[in-house]
Amino acid sequence: MAKVGKNILSIKDLAIGYDSKIVAEHINFELENGMLCGVVGINGIGKSTLLRTLGGFQPKLSGDILLNEKPLEKYTSSNLSKELSVVLTEQPASKNLTVQELIALGRQPYTNWLGTLTKEDKQQIEASLDAFLLKDLRHRKCHELSDGQLQRVLVSRAMAQDTSLILLDEPTTHLDLYHKVQILKMLQELAHNKQKTILFTTHEIELAIQLCDRILILDGKDNPFGDPCQLIEQKHFDRLFPSEMVQFDAKTGSFKVSK
């Protein structure tokens, strides 16, 4: 794993939800730079709500969210876009753009009011195209891409934004196994090689166990967080699903259907 340092994201006794309805609470974790962290849990447990709250799309109900040691609510929209990038599950409205044009949108927080790209902006775009194997597709329209290709473009746009924290909601949805692994390996390399802190929600628990530095398990109770191996040893994955239906195999780090 890459070197780690200061805390990029610190979450203390966070409660999330809508209006006065709590979806999840007692969420506590910290992420340093260079870490890849997966958020796992059953449907409806609050994974996407957590991501939207951390991204500033909806208010927290209580607790603290510190981004680079500063409360999230203290950021202006302009300043937040230089510290935090988000890739949600919704398809972009700008799919008529080319791959290069969509990635270039990641530089918007840094360009002047005319949107003029500097030499540094262009270098960031080229680096992002290269990192996610998109140079041969740079002039293709985004609506012509496969799901896997488009997902690489959206993550590449987040990389081009050059923020310390990247949030992704279900980045491997609708992808086959090869492309799921490809995306997660690329995220791992982006975290470790570029010292980015990456937090993503996923149903791919077995892949997350193998590739992530940390995992947050939203279980509706304690919401354990830690190194995947430690979470296995502490039997937190065993309690993720009803044991009469699905059992966790600690030796292989995988789930199997109970017969």
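**View 1. Helix α1 is mostly covered, with six of its eight residues buried.** Helix α1 spans residues 47-54, where helices (H or I, at least four residues) and strands (E, at least two) are DSSP runs numbered from the N terminus. The buried residues of α1 are Lys47, Thr49, Leu50, Leu51, Thr53 and Leu54; here buried means under 20% relative accessible area, exposed over 50%, and partly exposed in between, with a 1.4 Å probe and protein chains only. Just after α1, Gly56 takes a positive phi of about 80 degrees. This is a predicted model, in which local features need pLDDT of at least 70 and side-chain atom pairs count only at pLDDT 80 or more, while totals for chains, interfaces and linings use all residues. Residues are numbered from 1 along each chain as its sequence is written, and side-chain values use heavy atoms, with hydrogens and water left out.

**View 2. Helix α5 packs with helix α6 at an angle of about 15 degrees.** Two packed helices are described by the angle between their axes and the distance between the axes. For α5 (residues 147-161) and α6 (residues 177-194), the axes are 11 Å apart; axes are lines fitted to C-alpha atoms, for helices over the stretch in contact, and angles run from 0 to 180 degrees between N-to-C directions. The angle makes α5 roughly parallel to α6, since angles under 35 degrees count as roughly parallel, over 145 as roughly antiparallel, 65 to 115 as roughly perpendicular and the rest as oblique. On the α5 side, the contact (heavy atoms within 4.5 Å) is made by Gly148, Gln151, Arg152, Val155 and Met159, and on the α6 side by Gln182, Ile183, Met186, Leu187, Leu190 and Lys194. By class, this contact of α5 with α6 has six nonpolar, three polar and two charged residues, where Ala, Val, Leu, Ile, Met, Phe, Trp, Tyr, Cys and Pro count as nonpolar, Asp, Glu, Lys and Arg as charged, and the others, Gly among them, as polar.

**View 3. Helix α4 and α5 cross at roughly 145 degrees.** The axes of α4 (residues 119-131) and α5 come within 9 Å. The contact is made by Gln124, Ala127, Ser128, Leu129 and Ala131 of α4, together with Ser156, Met159 and Ala160 of α5. Sorted by class, the contact of α4 with α5 has five nonpolar, three polar and no charged residues.

**View 4. Gln161 of helix α5 is buried, with a relative accessible area of 14%.** Not counting residues up to four places away in sequence, Gln161 touches Ser81, Leu84, Ser85, Gly106, Arg107, Pro109 and Tyr110.

**View 5. Gly226 lies in strand β10 (residues 225-226).** Gly226 counts as buried because its relative accessibility is 8%. Leaving aside residues up to four places away in sequence, Gly226 touches Asp213, Arg214, Ile215 and Leu231. Gly226 and Glu30 are 196 residues apart in sequence and 9.5 Å apart in space, C-alpha to C-alpha.

**View 6. Val257 is found in strand β12 (residues 254-257).** With 64% relative accessibility, Val257 counts as exposed. The C-alpha atoms of Val257 and Glu244, which are 13 residues apart along the chain, are separated by 8.7 Å.
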